[in-house]
Amino acid sequence: MKSDLEKKTILFVLILAVGVFYAATLRRGHNPGGDFAQYILHAGNLVQGKPYADTGYIYNPHYPGLGPRSYPPVLPLMLAPIHAKFGPNLVPMKMLMVFFFMLFLAACTAWVRRSLSMIHAVAVLLLTGLHPFFWNFKDDVASDIPFLFFVFLFFWFVDRRTSQRSRKKAAWIFDAPVCGLIMALAFGTRTIGLALPVVLLLNEWSRLRKTGLFAAASCAVFLVFTVILGLVFPGGNSYLDQFRGLTVQVVLRNAMLYADAMIKFWDNGSAAWSFFRYPVFLAFLLPACFGFFRRMKRPGPAEWFPVVYLPMVLLWPTPQGARFLMPLLPLFLFWAFVGLGLIRGKILRRAAFGFLLAASALTYAFKYGTLNFGPIPGGINDEKRLNCYAFVRSATPESGVFICDEPRILALMTKRKASCYFVPDSDAEFWEYASRINAAYLVLGPDHPRFMRDLIDRHQSGLTAVYDREGFAVYQINGALQSRQLLDQRPPAINK
């Protein structure tokens with residue numbers, strides 16, 4: 001039988017191996033979307049001593065789903081030293097994501113080891129660490145992976161405190177500040193970290209049938225840190241604008257989308273054999289359900305987490321796909337192996353365990369066979385887009401304000417202010433917004449929606465094409481379009 005030190009050494013080596021694999025396979029460029037650009041812009045402001053929210057991104061209340069005025073500050077604070085040393089270089093920033101993924105695996109494994117055997121802990125570690133989705137996500141400079149670390153650090157800390165210090169009345173004096181800080185860091189990384197204080201209160205209530213001193217003091221510390229973050233780094237309240245589109249239909253749509261996203265975690269990348277993800281998912285789902293309900297007899301923070309977290313995800317009007325389910329995948333695997341432990345008969349239990357491992361290994365192997373290990377196509381690797389941005393930098397004034405598809409990337413690459421276009425009820429509404437932000441240019445790309453092209457066609461007399469190459473066009477907005485006389489004409493409504 002291996003000693004505890006030997007087991008920890010094995011787990012450490014496996015986590016290190018996953019980290020080396022991730023670092024060795026970093027890809028050039030960045031996945032589509034401008035979140036990373038806004039985080040980098042925030043980090044640059046911290047380095048240069050500029051106002052945190054003054055990134056050049058002009059928030060459009062007509063399209064709140066693109067992103068808030070500013071993001072929570074914890075990730076930019078972590079990126080700031082890298083930005084100070086290397087500038088807006090994606091490689092060291094991606095290495096930070098790899099480092100936090102290793103920390104997440106360490107926290108997750110330490111928490112799993114409290115309830116499962118060594119072999120099951122290794123299985124959770126490898127099935128999570130080598131999952132193709134996580135491997136692909138490592139190239140995103142985003143808050144999701146640091147958030148994972150803080151969530152599982154919270155699980156481990158609360159479980160450890162419950163089992164080791166529940167009888168020491170004064171322990172809460174030392175534990176509460178640590179727990180409150182962990183929750184505040186989670187919230188300061190992603191706003192949905194607000195779930196953790198609720199999870200803590202439910203966990204205390206389920207054990208004590210009251211709110212204990214530890215939970216109350218932890219939530220107080222969390223509140224203090226949250227208020228400080230809000231005062232020092234303002235601008236995140238625009239998240240609330242997204243809830244204007246919340247309806248019952250949106251919640252039902254989200255439920256269907258996230259259920260499908262959970263099943264697609266077992267996608268093998270093959271169009272011909274894609275249906276195999278359903279039996280593989282069901283093979284995990286059955287023991288996971290038994291494991292979850294078994295754990296709910298004496299629930300810990302991990303069992304309360306989906307009770308709080310999932311409703312918040314479903315109520316978020318803008319669906320985010322599998323990235324919002326990332327904290328649930330390791331939990332799902334954990335509950336599945338808890339459920340396997342309920343099977344009577346060692347041979348049957350080992351056979352079920354072997355089947356799940358074999359099915360996952362085949363799924364992962366086929367999926368990796370379809371993945372691109374080379375540069376990420378499109379986005380900031382798109383030479384045509386970069387040529388357009390080069391024109392913007394060289395041929396437009398620094399004070400120019402732009403409307404485009406990804407204003408945060410344009411702001412990062414050109415140092416110009418930018419906002420996003422939106423589907424208006426009329427042409428007048430669009431030009432009124434452009435006038436309000438003093439927009440001087442429109443940027444249109446080859447994949448831009450039809451309504452923008454139609455709008456430009458209807459107002460050719462008020463626009464001057466100053467750049468038109470390789471599918472990208474930059475239009476200067478003439479003074480005529482800013483006149484009240486034209487806006488009051490109320491052109492025909494745009495077909496959404």
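Start by selecting E470: at 38% relative accessibility, E470 counts as partly exposed. On the scale used here, buried means under 20% relative accessible area, exposed means over 50%, and partly exposed lies in between, with a 1.4 Å probe and protein chains only. E470 sits in the loop between β4 (463-469) and β5 (472-477). Helices (H or I, at least four residues) and strands (E, at least two) are DSSP runs, numbered from the N terminus. Now look at the backbone: E470 is not a glycine, yet its phi is positive, at about 55 degrees. Most residues other than glycine have a negative phi.

A word on what is on your screen. This is a predicted model, in which local features need pLDDT of at least 70 and side-chain atom pairs count only at pLDDT 80 or more, while totals for chains, interfaces and linings use all residues. Residues are numbered from 1 along each chain as its sequence is written, and side-chain values use heavy atoms, with hydrogens and water left out.

**Two further stops for positive phi**

Select K415 next. K415 is in the loop between α17 (407-414) and β2 (417-420). Buried or exposed, what is K415? K415 is exposed, with a relative accessible area of 59%. K415 is not a glycine either, and its phi is positive, at about 60 degrees.

Then move to helix α18, residues 427-436. Its buried residues are D427, A428, F430, W431, Y433 and A434, so show their side chains together. After α18 comes N438, which has a positive phi near 60 degrees.

**Zoom out to the whole chain**

Along the principal axes, the C-alpha atoms fill a box of roughly 80 × 55 × 50 Å.

Switch to a surface view. The accessible surface comes to about 22800 Å², and 64% of it belongs to carbon and sulfur atoms; the areas come from the Shrake-Rupley method with a 1.4 Å probe, and for residues only the protein chains shown count as cover. Of the 496 residues in the chain, 51% are buried.

Colour by charge and you will find 51 positive and 29 negative side chains, with the centres of the two sets 14 Å apart. Lys and Arg count as positive and Asp and Glu as negative, while His and the chain ends are not counted. Each charge is placed at NZ of Lys, CZ of Arg, CG of Asp or CD of Glu.

**Follow some contacts**

Contact means heavy atoms within 4.5 Å. Among contacts in the chain with a separation of 6 or more, 75% are between residues 24 or more positions apart.

Select K138, in the loop between α6 (132-137) and α7 (144-164). Which residues does K138 touch, not counting residues up to four places away in sequence? They are Y22, T25, L26, K94, M97 and I145. K138 counts as buried, at 0% relative accessibility.

Step back to N136, which lies in helix α6. N136 is partly exposed, with a relative accessible area of 27%. Leaving aside neighbours within four places in sequence, N136 is in contact with R27 and N31. Draw a distance from N136 to L371 as well: they are 235 residues apart along the chain, and their C-alpha atoms are separated by 8.5 Å.

Go on to S206 in helix α9, residues 195-208. S206 is buried, with a relative accessible area of 18%. Not counting residues up to four places away in sequence, S206 touches P299 and W304. S206 and G300 are 94 residues apart in sequence and 8.7 Å apart in space, C-alpha to C-alpha.

For one more pair, select S394 in helix α16, residues 383-395. At 62% relative accessibility, S394 counts as exposed. T414 is 20 residues from S394 in sequence and 9.0 Å away in space, C-alpha to C-alpha.

**Last stop: confidence**

Colour by pLDDT, the predictor's confidence in each residue, from 0 to 100. The chain averages 90, and 93% of the residues score at least 70. Finally, select residues 483-496, where pLDDT stays under 50 and the model has 29 contacts beyond four places in sequence. Where pLDDT is low, the predicted coordinates should not be read in detail.
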